[in-house]
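Dear colleague,

Please find below the structure that I am handing over to you, together with its sequence. My notes on what was found follow directly after it.

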Amino acid sequence: NIDGERVNGIIDDYYAIKQAVDKILNTERFIFPIYSENYGSDLNDLIGQDFDYIKVEAERMLDEALRADDRITGVYVDDVIKADNDSVLIVGTVETMFGNIDFSKEVAEDDE
């Protein structure tokens, strides 16, 4: 329960993988010693890169990060949108054993 800042109850199947996707997307890889080197994403490496580079690398980075979980069977980036002068919004779908999960993730970029 993120809003209540509490850990309680048990979830499984769809809701568990949905929570795992959110956690992977919001955990920077190699920063937290409690996670293995395969956990988290490298999306912060896109910060400061130009828009064309982000469009090319976003799907590869997300696929690599999310497919570390064996419940995930596919990762598809539907769109990379320039959100404002210094960020892009990556929108896509994660295909899992329990159903598809839509996601969006904002990444800052250089405004040159």
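Asp69 sits in the loop that connects helix 2 with strand 1, the latter covering residues 72-84. Please bear in mind throughout that this is a predicted model. With a relative accessible area of 12%, Asp69 is buried, because anything under 20% falls in that class. Apart from neighbours within four places in sequence, Asp69 is in contact with Ile17, Ala20 and Ile24.

Helix 2 itself comprises residues 51-66, and Lys55 is part of it. The relative accessibility of Lys55 is 43%, so this residue counts as partly exposed. Lys55 also illustrates how the fold brings separate parts of the sequence together: Ile90 is 35 residues away along the sequence, yet the two C-alpha atoms are 8.6 Å apart in space.

As to the overall architecture, the chain contains two helices and three strands. Their order along the sequence is α-α-β-β-β. The radius of gyration is 15 Å, close to the 13 Å that the globule rule gives for 112 residues, and the chain is therefore as compact as a globular protein of that length. The C-alpha trace extends over about 45 × 25 × 25 Å along its principal axes. Of the 112 residues in the chain, 35% are buried. Where contacts join residues at least 6 apart in sequence, 40% of them link residues at least 24 apart.

The surface and the charges may also be of interest to you. The accessible surface of the chain amounts to about 7,300 Å², and carbon and sulfur atoms account for 46% of that area.

I turn next to the aromatic residues. A pair of aromatic rings is described by the distance of the centres and the angle of the planes. How many aromatic pairs does the structure hold? There are three. One of them joins Tyr14 and Tyr15, whose rings are arranged edge-to-face, at 5.4 Å centre to centre and with 85° between the planes. Tyr14 is partly exposed, at a relative accessible area of 26%, whereas Tyr15 is exposed, at 56%. Another pair consists of Tyr35 and Tyr39: the ring centres are 4.5 Å apart and the planes meet at 20°, so the pair is stacked. Both residues are partly exposed, Tyr35 with a relative accessibility of 26% and Tyr39 with one of 22%. Together with Phe32, Tyr35 and Tyr39 make up one aromatic cluster.

Finally, two residues deserve a note on their backbone. Most residues other than glycine have a negative phi. Asp13, however, has a positive phi, near 50°. This residue belongs to helix 1, which runs over residues 13-25, and Asp13 is partly exposed, with a relative accessible area of 42%. Phe30 likewise is not a glycine and has a positive phi, of about 70°. Phe30 is found in the loop between helix 1 and helix 2. Its relative accessibility is 56%, and Phe30 therefore counts as exposed.

With kind regards

Note on methods: Residues are numbered from 1 along each chain as its sequence is written. This is a predicted model: local features need pLDDT of at least 70, side-chain atom pairs count only at pLDDT 80 or more; totals for chains, interfaces and linings use all residues. Side-chain values use heavy atoms; hydrogens and water are left out. Rings of Phe, Tyr and Trp (its six-membered ring) pair if their centres lie within 6.5 Å; planes under 30 degrees apart count as stacked, over 60 as edge-to-face and the rest as tilted. Buried means under 20% relative accessible area, exposed over 50%, partly exposed in between (1.4 Å probe, protein chains only). Helices (H or I, at least four residues) and strands (E, at least two) are DSSP runs, numbered from the N terminus. The radius of gyration is taken over C-alpha atoms; the globule rule is 2.2 Å times the number of residues to the power 0.38. Contact means heavy atoms within 4.5 Å. Accessible areas come from the Shrake-Rupley method with a 1.4 Å probe; for residues, only the protein chains shown count as cover.
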